[in-house]
Amino acid sequence: MRHIISILMENESGALSRVSGLFSARGYNIESLTVAPTEDASLSRMTIVTRGSDVVIDQITKQLNKLVDIVKLADITEGRHIERELMLIKLRAADKDQRAEVKRLTDIFRGRIIDVSESSYIIELTGSGDKLDAFIAAIDPTAIVETVRSGSTGIARGENSLQIT
């Protein structure tokens, strides 16, 4: 089963290395990883997407909690949450028909054209991984020049939050 583990950790050098080292040392795979500072400059928030049984995920969270850099963590897939991913995709759009089709699909998927050149468009799309996959499937594969995806990030809905109390 797919799990999203959200982690508050000290914003220190080597912290990311220790977390990824824990996964690799135990043979666990990280499907996606995002990390950035929080509103507190001393903390970073890391979001890890991984797959495993409940027993494996329980083992991962116990091992992560033992790391000195980890302040707090939660498997947000256990409750209601919102998950998003960002994609930037560069598409060939040299003629009028190609440009019209790219604009039409971008509007359907509620994306934004953020760069235009004589031969290409760069599109920004945000949503679930499935939505981004559907956009890619809807585009002529020969039109795709380059794709960059951020990986998933998520936040618990309602009163639940990952913060120091």
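A salt bridge is a side-chain nitrogen of Lys or Arg within 4 Å of a carboxyl oxygen of Asp or Glu. The structure holds 8 salt bridges. This is a predicted model, in which local features need pLDDT of at least 70 and side-chain atom pairs count only at pLDDT 80 or more, while totals for chains, interfaces and linings use all residues. Residues are numbered from 1 along each chain as its sequence is written, and side-chain values use heavy atoms, with hydrogens and water left out.

**Helix α1**

Select residues 15–25, helix α1. Helices (H or I, at least four residues) and strands (E, at least two) are DSSP runs, numbered from the N terminus. Ala15, Val19, Leu22 and Phe23 are buried here (under 20% relative accessible area; exposed is over 50%, partly exposed in between, with a 1.4 Å probe and protein chains only). Seen down the axis of α1, these buried residues fall within an arc of 95°, so they line one face of the helix; the arc is that of the directions from the helix axis to the C-beta atoms. The buried residues pack against β1 (2–10), β3 (43–51), α2 (54–66) and β4 (70–75), where contact means heavy atoms within 4.5 Å. Turn to the face away from the buried side to find the exposed Ser24 and Ala25. Gly27, with a positive phi near 75°, follows α1.

**Salt bridges**

Asp69 lies in the loop between α2 and β4 and Arg18 in helix α1, so the pair ties together parts that are 51 residues apart in sequence. Asp69 is buried at 6% relative accessibility, and Arg18 is partly exposed at 39%.

Next select Arg2 and Glu83, joined by a salt bridge (2.5 Å, N to O). This pair links distant parts of the chain, with Arg2 in strand β1 and Glu83 in strand β5, 81 residues apart.

**Strand β7**

Now select residues 120–127, strand β7, where 6 of the 8 residues are buried. Strand β5 (residues 81–92) runs antiparallel to β7, joined by 8 bridges; two strands pair if DSSP finds at least two bridges between them. In β7, Thr126 is the bridge partner of Leu86. Strand β6 (residues 112–116) also pairs with β7 in the antiparallel sense, over 4 bridges. β6 and β7 form a hairpin with 3 residues between them, and Tyr121 in β7 is the bridge partner of Val116.
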